[in-house]
Amino acid sequence: MPKKLTWLTLVALAGLGLGACKILPTPSAQSEGSAPAFNPDKMVEDIWAAKVIPYLRQKAGPFAEVHALAKTDPAAAGAKYGNPKKQANSPWTFAVRVEGKIVAANTQSRAATMDIDVDGDGKADARVQVGPAMRGTALRDSLDFVQFNDFTNQIDFAQFGKAFNAYADKTVLSKLPREALEGRSAKVLGAYTIEGGQDLPLVTPAEAEIGPKP
Amino acid sequence: MTLTRRMTLAAFAGVLALGTAAPAFAADLIAIITPSHDNPFFKAEAVGAEAKAKELGYEALVLVHDDDANKQSELIDTAIGRGAKAIILDNAGADATVAAVQKAKDAGIPSFLIDREINATGVAVAQIVSNNYQGAQLGAQEFVKLMGEKGNFVELVGKESDTNAGIRSKGYHDVIDDYPDLKMVAQQSANWSQTEAYSKMESILQANPDIKGVISGNDTMAMGAYAALAAANRKDVIVVGFDGSNDVRDSITSSGIKATVLQPAYAQAQMAVEQANDFIKNKKSPEKEKQLMDCVLVNGDNAKKLETFALKN
């Protein structure tokens with residue numbers, strides 16, 4: 001028995017070894033090719049104005065509507081405001097507009113945030129990240145033209161996600177005022193991911209404006 | 001193209017010949033290959049996959065490669081030789097594994113990767129991996145919070161050949177490095193090992209008595225580090241791990257280690273076997289080869305619900 005198996009294995013391997021030599025070049029030529037070095041910051045810069053902002057503007061719904069639908073029917077909210085090509089096991093990420101009044105702000109932490117009341121009841125409905133430290137990859141995950149399968153591995157995919165936050169911080173958030181935010185109006189276009197155990201939905205902005213002091 | 005088809009046919013014929021030549025195997029065989037079961041995480045994977053394989057009527061061949069790419073290659077040969085219908089693999093290196101999985105594919109045996117990905121697509125049928133980066137961010141955010149955004153800390157890194165060691169470290173630093181008052185005074189690999197983490201932590205602590213926290217790339221190293229800290233009467237040092245093992249759960253509930261990140265190892269292994277079954281019986285591949293499973297933060301709030309790499313409701 002062992003003898004027979006070994007012989008068969010050898011035959012199989014001999015044939016296959018040869019096959020592998022012939023077959024391999026095609027896929028490896030595609031994946032390696034003459035691809036330039038991976039530069040996530042440049043990739044984000046290149047698509048930001050041309051693709052990211054137009055996509056979010058077209059896809060985003062008002063926060064109150066998106067969040068109400070997300071709570072009652074996540075799949076419907078996902079089809080309308082989310083990325084339908086997301087990983088099956090991942091939570092939904094929605095594109096949203098958050099407009100309202102800043103009712104609280106935490107600018108002591110480097111992961112600074114402002115809490116926005118969108119329905120005028122005086123209570124915060126969403127927490128908007130204003131950097132410089134930012135959590136998550138909501139901007140990346142909201143885009144239906146970004147696929148994990150297009151990246152070599154999780155590290156590249158992760159760096160690409162981080163590059164969105166860095167770009168938003170550099171071009172938008174670092175220019176926002178940090179003092180006396182409470183009572184001022186805020187207008188944000190961004191994305192948030194449904195997560196368990198959150199105090200408030202955490203929105204990562206791609207565009208943000210803060211109104212004058214009241 | 002013709003050549004490819006001919007080779008595939010040849011491979012297929014080989015497999016068929018094997019099947020008929022080995023009537024001793026009544027049930028179809030699924031090979032389950034993981035790193036050493038010394039780490040309960042890998043054991044949970046093997047147990048989960050084996051249970052699901054048996055439930056679906058397969059015979060299971062459980063093997064360990066001990067993170068040795070050569071040994072892994074031999075085990076793949078064994079799986080091919082035994083006429084396995086599918087291979088469930090937690091691999092021994094993102095680059096080194098590509099050829100081994102290709103070898104199985106050429107022999108007509110589909111591979112379903114779990115836990116660790118490889119640096120190639122189109123070779124394995126599925127790569128079901130934990131979102132290690134997302135998990136590392138959760139762990140690092142909790143660590144930053146526990147540290148009060150400032151202080152000296154130590155990072156224990158996993159085995160270099162394992163992509164997840166790099167991904168987790170990257171995830172940690174992408175969060176922690178945004179806080180300039182958090183200073184990393186030492187970063188060392190303890191190769192996922194509890195005993196190695198213990199001795200490394202002892203010497204790091206001697207050189208840096210003023211540390212406030214330790215962030216570890218996995219739970220076994222976190223256990224080793226915490227034991228060294230406890231032995232030096234430094235239970236005040238904040239320790240955060242990664243994996244969600246029962247050992248760390250018990251440490252969290254007895255106010256030792258502060259937090260970990262759960263990877264759904266058991267569920268992931270079972271999912272891989274289900275996809276393998278679908279492939280064998282219905283020739284159906286999963287919709288996407290690379291599938292990410294999100295991790296969950298485990299701390300004092302939910303540690304009690306943790307059992308064998310799964311959270312109970």
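Buried here means under 20% relative accessible area, exposed means over 50%, and partly exposed lies in between (1.4 Å probe, protein chains only). This is a predicted model, in which local features need pLDDT of at least 70 and side-chain atom pairs count only at pLDDT 80 or more, while totals for chains, interfaces and linings use all residues. Residues are numbered from 1 along each chain as its sequence is written, chains are lettered from A and ligands numbered from 1 in the order in which they are written, and side-chain values use heavy atoms, with hydrogens and water left out.

**View 1. Chain B as a whole.** Of the 313 residues in chain B, 58% are buried. The chain has ten helices and twelve strands (DSSP runs numbered from the N terminus: helices are H or I with at least four residues, strands E with at least two). With a radius of gyration of 21 Å, close to the 20 Å from the globule rule for 313 residues, chain B is as compact as a globular protein of that length (the radius is taken over C-alpha atoms, and the rule is 2.2 Å times the number of residues to the power 0.38). Along the principal axes, its C-alpha atoms fill a box of roughly 65 × 40 × 30 Å.

**View 2. Helices α2 and α10 of chain B.** Here the axes of α2(B), residues 40-55, and α10(B), residues 265-282, come within 8 Å and cross at roughly 35° (axes are lines fitted to C-alpha atoms, for helices over the stretch in contact, and angles run from 0 to 180 degrees between N-to-C directions). Residues in contact (heavy atoms within 4.5 Å) include B:Phe41, B:Ala44 and B:Val47 from α2(B), and B:Tyr266, B:Ala269 and B:Val273 from α10(B).

View 3. Look for B:Lys170 in helix α6 of chain B, residues 163-176. At 23% relative accessibility, B:Lys170 is partly exposed. B:Asp38 lies 26 Å from B:Lys170, C-alpha to C-alpha, and 132 residues away in sequence.

View 4. Seven helices and six strands make up the secondary structure of chain A. Read along the sequence, they follow the pattern α-α-α-β-α-α-β-β-β-α-α-β-β. Among the 214 residues of chain A, 46% count as buried. Of the contacts in chain A with a separation of 6 or more, 64% link residues 24 or more positions apart.
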